[in-house]
Amino acid sequence: MLALLNPEQQMFEETANRLARDLAVVNTAGLKTVDRANAYRQLAENGLLALRMRIEGKPLASGVEVSLAAQALGGALVPAPFSASGVLAVELLALAGADEALIQELSEGTKRCGLLLKRDLSALADVADAESVVWDAEGAELAVGLDRSKGEGQLALVKLDSGFEAVEAADLTRGMMKRSGAVSAEPVGSPLSDADMRKWLALALVTVSADLVGVLNGAYAGVLAYTKERVQYGVRIGSFQAVQHLCAEMLVDIEGGRDIVSYAAWAVDELDPDAALLAAREAKAFLSGIARPVSETVMQVYGGIGQTWEHIAHIYARRAQTDALVFGGADVQRDAIADALLGGH
């Protein structure tokens, strides 16, 4: 594998970071004033929603580019459903050989599709699950889940205009809906094989883990700048050794997470589904494990102000805690890793 980004990937990273800065939420008031429709349109116009479209059966971009984009958007708290609609729904539908017109609409941003997940966010839900929720549902008309009554691995689309209602989620930058009544589901594409499901889950874990890297790094960058401005006892708090140690520990955790996600992102398209999924689970286990400690340390360095609803650190913490649970937290991943390595014993 290449340990460094190639020139094209470096340019892509710079473009994604520049776009994310333009669409960033920089304070809590921005959550109400940001033009979310424009943010999503900008993602589409810059090609970020078409990364997993297929040309002659191959994705336009690899898991590495998906990871770079997710890190950029997470770090800026961009409130647009890149992960669910722009990447993971497109990937599911492409693997299932679904209608190209629908995939095209999702990639162009003219239609949005959330993911139907179990109530604990740990996995795709069956459309018959009355407690299922739709994650990353901002502006979505549809959600994709499983319809096991039609066969294992069979995808189904549900319309969100009835049988669902929007709810305020812990993550204020992403939409969430819950079931409120009966829904109708329509099977879509061919049933996914076990290998396809593992391949998709690897990409899903990498996408969320990369978002977590971005979120934690964004929170860290903010509090690091604060230590260089905040004066206490006549000196900047960044001069205190105790504060320096806290910041150093956060940096080590975040950079460690970035490295492990980089390998998992490369593995998505370069290794077989089992190996790719193992790498992705290891990344998600690590990132989910540091999400809370880093978020809490950020607030500690802020002197507790980050615990208030009015502070941006609160928004970072909410997105980080949600990411930590999506597709399973650290314990879920570690159990799965143990099963994979020990043969289920």
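**Strands, helices and a leucine**

Guide: Strand β6 and strand β9 (residues 185–188) run antiparallel and are joined by 4 bridges. Strands here are DSSP E runs of at least two residues, helices H or I runs of at least four, numbered from the N terminus; two strands pair if DSSP finds at least two bridges between them. This is a predicted model: local features need pLDDT of at least 70, side-chain atom pairs count only at pLDDT 80 or more, and totals for chains, interfaces and linings use all residues. Residues are numbered from 1 along each chain as its sequence is written, and side-chain values use heavy atoms, with hydrogens and water left out.

Visitor: Which residue stands opposite leucine 157 in β9?

Guide: Glutamate 186. Strand β5 (residues 142–146) also runs antiparallel to β6, through 5 bridges, with alanine 143 partnered by valine 158.

Visitor: Why is β6 called largely enclosed by the rest of the structure?

Guide: Buried means under 20% relative accessible area, exposed over 50%, partly exposed in between (1.4 Å probe, protein chains only). In β6 (residues 155–159), 4 of the 5 residues are buried, so the strand is largely enclosed.

Visitor: Is leucine 5 buried or partly exposed?

Guide: Partly exposed, because its relative accessibility is 26%. Leucine 5 sits in the segment before α1 (7–23).

Visitor: Which residues does leucine 5 touch, leaving aside neighbours within four places in sequence?

Guide: Contact means heavy atoms within 4.5 Å. For leucine 5, that gives Gln10, Glu13, Val64 and Leu68.
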